Amino acid sequence: MALNILYVPLFLCLLHIATASDAETEDKYVEKGQSVVLKNTKENTEDIQWKNAEHICKMKNGKPTGNCVLGSIESDGSLTVKNTKEGSNNDYVLHNYKDGKLLIKKTYKLHVVDPIPKPNIQFNCTAKNAACNITYNKDLQFKWKLNGNDQAHMKSKIYPLPSVISQVTLTCIVSFKDIQKESDSTDIKCESLDLPVLPPTNRKRENPSKPHCNHPRSQTQPRTQTQTRPPPHQRCPPPTADQRINDEAEDHPPPRPRPRQKAPSYN
Ligand SMILES: *[C@@H]1O[C@H](CO)[C@@H](O)[C@H](O)[C@H]1NC(C)=O
Ligand SMILES: *[C@@H]1O[C@H](CO)[C@@H](O)[C@H](O)[C@H]1NC(C)=O
C-alpha cells in the first residue's frame with residue numbers, strides 16, 4: 001500500500017517527461033526568399049546533427065564539419081536556412097549529443113509562406129475611421145499604435161478615430177504567426193470630427209472657430225431676387241444685441257452640442 005503511494009509520483013514524473021519530449025516539435029513560419037534561424041535549444045555544441053528528409057549537416061566540438069546543403073550551422077549550433085523557397089517546406093530535426101548521450105531531439109516544421117506586403121493606412125473622415133489596407137492570402141491579425149502607444153484592445157482591421165484628432169498618428173501592425181509587418185506612422189488629418197462636414201466650396205475658411213455661418217452680404221444691403229439664399233447651416237442669424245452677447249453659446253441651434261475645446265486649426 002505504502003509502496004503504491006510512492007510509485008504514484010514516479011509515474012507522474014515519467015508522464016511529464018514523455019509529454020515534454022512530445023512537445024519538442026515547433027512550427028516555424030518564414031516568408032519566401034527570407035532566411036530563418038532554427039535554434040539549438042541546449043548549450044552544447046559537442047556533437048550536433050541537423051537532418052531533413054534528404055540531407056544532414058554536422059558540427060563537432062563547435063566546428064561545422066563537411067558540406068552543409070541545408071544552410072549554415074552557427075557557432076551556437078543553430079541552423080540558418082537561407083533563401084527559403086517552396087521546396088524548403090520540410091522537417092528539420094536537431095539531434096544534440098553530449099558524451100554520446102542524446103540531450104535533445106527537436107523537430108522544426110518549416111512553413112514557407114508568400115511575402116506579406118507592407119500595410120498602409122486609409123482614413124475616412126466621414127465614416128470616422130481608419131483602415132489597415134492590406135491584401136493577403138491568409139488570415140492576418142491586426143494591432144494598432146496611436147501616437148506610438150500600443151492600443152491593446154484594438155484588434156480589428158478598422159480603427160474608430162477619436163473624436164478630437166489633432167496631432168494623431170496611427171500605425172497598424174499585421175501579423176501571421178511569427179511574421180510581422182508594420183505600416184508607416186500615418187498622420188491623420190480631418191476637420192474636427194465633432195463639426196458637421198461642410199461642402200467643398202467652404203473648406204478654406206478663415207475663422208475656424210465660427211465654422212457654421214457666412215457673412216456674404218452686409219446687413220444694410222437687401223437681398224435681391226437673383227441672389228440665392230445659402231443653405232441653412234451657412235446662414236447667420238440676424239445679429240440682435242442679445243445674440244451678440246451670447247454669440248459663443250448660441251451661434252447655431254441644438255441638438256448638436258458645441259465642442260468644449262477650441263477647434264484645432266489645420267493647415
Ligand atoms: C467614407 O465613408 C462614407 C460614409 O460611411 C462613405 O459613404 C464613403 O464612400 C467613404 N469614402 C471612402 C473614400 O471610402
Ligand atoms: C491599398 O494598398 C494598395 C497597395 O498596397 C494600393 O494600391 C491601394 O490603392 C490601397 N487601397 C486603397 C483603398 O487606398
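User: How many aromatic pairs does the structure hold?

Analyst: The structure holds four aromatic pairs.

User: Why is the pair of Trp144 and Tyr159 called tilted?

Analyst: Good one to start with! The ring planes of Trp144 and Tyr159 stand at 50°. Planes under 30 degrees apart count as stacked and those over 60 as edge-to-face, so the rest are tilted. The angle of 50° falls in that remaining range, so the pair is tilted.

User: And what makes these two rings a pair at all?

Analyst: Their centres are 5.1 Å apart, and rings pair if their centres lie within 6.5 Å.

User: Which parts does this pair tie together?

Analyst: Trp144 belongs to strand S12 (residues 141-146) and Tyr159 to strand S14 (residues 158-160), so the pair ties together parts that are 15 residues apart in sequence.

User: How do you know whether Trp144 is buried or exposed?

Analyst: Buried means under 20% relative accessible area. Trp144 has 1%, so Trp144 counts as buried. Tyr159, with a relative accessible area of 4%, is buried as well.

User: Which residues do ring pairs link into a cluster?

Analyst: They are Tyr29, Tyr136 and Phe176. Over the face of Phe176 lies Lys177, at 6.0 Å from the ring centre.

User: What is the mean pLDDT of the protein?

Analyst: It is 77, and 62% of the residues reach 70 or more. Over residues 202-228, though, the pLDDT is below 50. Where pLDDT is low, the predicted coordinates should not be read in detail.

Note on methods:
Residues numbered from 1 in each chain as written. Chains lettered and ligands numbered in written order. Predicted model: local features only at pLDDT ≥ 70, side-chain atom pairs only at ≥ 80, totals over all residues. Heavy atoms only, no water. Phe/Tyr/Trp six-rings, centres within 6.5 Å; stacked < 30°, edge-to-face > 60°. Helix = DSSP H or I, 4+ residues; strand = E, 2+ residues; numbered from the N terminus. Buried < 20%, exposed > 50% of the residue type's maximum accessible area, 1.4 Å probe, protein only. Lys NZ or Arg CZ within 6 Å of the ring centre and 35° of its normal. pLDDT = per-residue confidence, 0-100. Contact = heavy atoms within 4.5 Å.
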